[in-house]
Amino acid sequence: CSFNSLKLRTQKVGLQEHWLGLVVTLATFDVVVVQEVPAEGSVKNVEDTRAYCLKRLLDHHSGDEWQIVLSEAAGPGNLEIHVGLVRTPIKVLEHCTHHKAGDATLDHAPLVMKLYDERFQNEGDRTWVITSVHFPPKSRARERDAQINRFFSTYAMESE
């Protein structure tokens, strides 16, 4: 499941019940990627961030353990991250932040995760790559379109 969190505003009055309902739904998936999460660089302990709060909620509501990975902070204006949440028994083998597509800088640097799921019968189906992507909004259509075109023209080679 991929979800744009709109700044992960979990503390906004009136949204708490909506977030709890959403977490119950997200807890039914095996892999969840979340975009537009504030970087919260001023928080001293990473486990006190909103991203880790979401992980703990998924652990609780699913009854399973979730692995969490965070992209490096990026973006024009306030820095944001992508969050990858992966339910056991799936494993995150590697992850990285994709800052550039060829010579183009990506405003909201995507999170790339290489995952392994032993439950697939064929060995070749057990390893896969998921990328969490978020591009500039419609108001910046020219930059958005240029980044999208460059991203897709280089993605196959760079993800390999």
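Two strands are taken to pair if DSSP finds at least two bridges between them. In the predicted model described here, three strands form an open sheet in the order S5-S8-S9, with antiparallel pairing. Strand S5 (91–97) and strand S9 (127–132) are the edge strands, each of them pairing on one side only. From one strand to the next, the twist averages 20°. Strands of a sheet pair through backbone hydrogen bonds, either parallel or antiparallel. Strand S8 (residues 111–116) pairs with S9 in the antiparallel sense, and six bridges are found between these two strands. Within this pairing, methionine 113 has isoleucine 130 in S9 as its bridge partner.

The largest cavity holds about 50 Å³ of space. Its lining consists of Glu36, Ser71, Glu72, Ala74, Glu80, Ile81, His82, His108, Ala109 and His134. Strand S4 (residues 80–87) contributes three residues, the largest share of the lining of the largest cavity.

Confidence in the prediction was considered for the chain and for its elements. The chain has a mean pLDDT of 89, and 94% of its residues reach 70 or more. Among the elements of the chain, the highest mean pLDDT, 97, belongs to strand S3 (residues 66–70), whereas the lowest, 83, belongs to helix H1 (residues 16–26). Where pLDDT is low, the predicted coordinates should not be read in detail.

Key: Residues numbered from 1 in each chain as written. Predicted model: local features only at pLDDT ≥ 70, side-chain atom pairs only at ≥ 80, totals over all residues. Heavy atoms only, no water. pLDDT = per-residue confidence, 0-100. Helix = DSSP H or I, 4+ residues; strand = E, 2+ residues; numbered from the N terminus. 1 Å grid on protein atoms, 1.4 Å probe; cavity = no way out; pocket = protein on both sides within 12 Å on 5 of 7 lines; lining within 4 Å. Points joined across faces, edges and corners; volume = space filled by probe spheres on them. Axes fitted to C-alpha atoms, helices over the stretch in contact; angles between N-to-C directions.
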